[in-house]
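Subject: Structure for you to look at

Hello,

Here is the structure I promised to pass on. Please open it and keep it in view while you read my notes below.

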Amino acid sequence: MLKYEKIKKSPRQFLALTSLKVEEFDNLCDEFHSDWWKYYRYNTLRGKPRKYPITYESSDSPLPTTEDKLFFLLIMLKNNPLIEYQAASFNMSSGKVSEWFNVLSKTLRQTLNRLGLLPCREAGGVSEALKKLGAKKVTLDGTERTIQRSVDYGVQQDYYSGKKKDHTVKNNLLATDNQQIVYLSDTYEGKKHDKAICDEEVVSYPDGIVLRQDSGYIGHKPDNVTIIEPVKKTKSKDLTEEQKNTNKDKAKWRVIVEHAISGIKRCRMVKDTLRSIHFMIRDSIMEICCGLHNLRVKSYSRAYARVRV
């Protein structure tokens, strides 16, 4: 049976299981604890209001401490195990795994939001968020996550991505030069184009900011923004050597957002095939994983600290 107190004695193993270092986990857990008790004191695990508030937790709980609860949740996000495997690892039924995951993920999202680690979800609020960070340059890109194929043929068509040759859901995101995720769009079906998401969610930018984007966003030109994008080859005309070299230089900077996406996908729940069929869960999991990535970016024990902007 997995226990926080046992695994934390091996920092390397703890990092592999949770994506966080022990000190990062402990700092997050202190904040998580207060949000958990604000909820659990007045509500049951299933979300029903209690007749009387409680001041203690049952001693026979499979997750007796706040550390065990957060440890349980992070293991699910990081490793994307089968529910039956998670149930065996924490000595509980598969039904309880789902109940715990649902309530703990909502609590963690609340904690990350309170700490200012979640990306902005409102397109109109991005300008203010970038001003607070003092960011002068940002990079825009899209990311797709594989989902299980629906048995409904019409749904299959909506979620089939010609790019990935699979059934996916998609988000656009903005990253700063130190890989912090500033903005995360709503989650869309896989067939929707990246540029179409931009047209639907009109992001506001501070005047004069530099926006890097790839060739999939050609035609996306917000007002008062300097656009840096590669020169696209046409059917009738090849690129010159100068244009090829310029594109290579631009790609070196645009790769920042690819590193940010790989940081988010340390959590295998957003890297491997997502088994949940609930659209809101698919969206909230991506948001939480972005928040955990931002937590690592802001950690001074990480390499991100060397390139702060």
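**Salt bridges and a threonine**

Lysine 191 and aspartate 158 form a salt bridge, with their closest N and O atoms 3.3 Å apart. This pair links distant parts of the chain, 33 residues apart. Lysine 191 sits in the loop between strand S5 (188-189) and helix H9 (194-200). Aspartate 158 belongs to helix H8 (residues 153-159). Its relative accessible area is 30%, so aspartate 158 counts as partly exposed.

Please bear in mind that this is a predicted model.

Why can such pairs form at all? Side chains of opposite charge can pair when their charged atoms come close.

How many salt bridges does a search of the whole structure find? The search gives 19. Here are two others to look up.

Start with glutamate 24 and arginine 302. Their salt bridge has its closest N and O atoms 2.8 Å apart. Glutamate 24 lies in helix H3 (residues 22-40), and arginine 302 lies in the segment after helix H11 (279-298), so the pair ties together parts that are 278 residues apart in sequence. Are these two residues buried or exposed? Buried means under 20% relative accessible area. Glutamate 24 is at 5%, so it counts as buried. Arginine 302 is at 11%, so it counts as buried too.

Next, find arginine 121 and glutamate 287. They form a salt bridge, and the closest N and O atoms are 3.3 Å apart. Again, distant parts of the chain are linked, here 166 residues apart. Arginine 121 is in the loop between helix H6 (94-114) and helix H7 (126-133), while glutamate 287 is in helix H11. Both residues are buried.

This pair also belongs to a network of salt bridges. Its members are Arg109, Arg121, Asp186, Asp283 and Glu287.

Now turn to threonine 187. You will find it in the loop between strand S4 (181-184) and S5. With a relative accessible area of 6%, threonine 187 is buried. What do the polar contacts of its side chain reach?

- The side chain of asparagine 171, at 3.0 Å.
- The side chain of aspartate 283, at 2.6 Å.

Leaving aside residues up to four places away in sequence, threonine 187 touches Arg121, Arg145, Val169, Lys170, Asn171, Phe279 and Asp283.

Best wishes

Methods. Residues are numbered from 1 along each chain as its sequence is written. This is a predicted model: local features need pLDDT of at least 70, side-chain atom pairs count only at pLDDT 80 or more; totals for chains, interfaces and linings use all residues. Side-chain values use heavy atoms; hydrogens and water are left out. A salt bridge is a side-chain nitrogen of Lys or Arg within 4 Å of a carboxyl oxygen of Asp or Glu. Helices (H or I, at least four residues) and strands (E, at least two) are DSSP runs, numbered from the N terminus. Buried means under 20% relative accessible area, exposed over 50%, partly exposed in between (1.4 Å probe, protein chains only). A polar contact is a pair of N or O atoms within 3.5 Å; within protein, one must be able to donate a hydrogen and the other to accept it, and residues adjacent in sequence count only if both atoms are side-chain atoms. Contact means heavy atoms within 4.5 Å.
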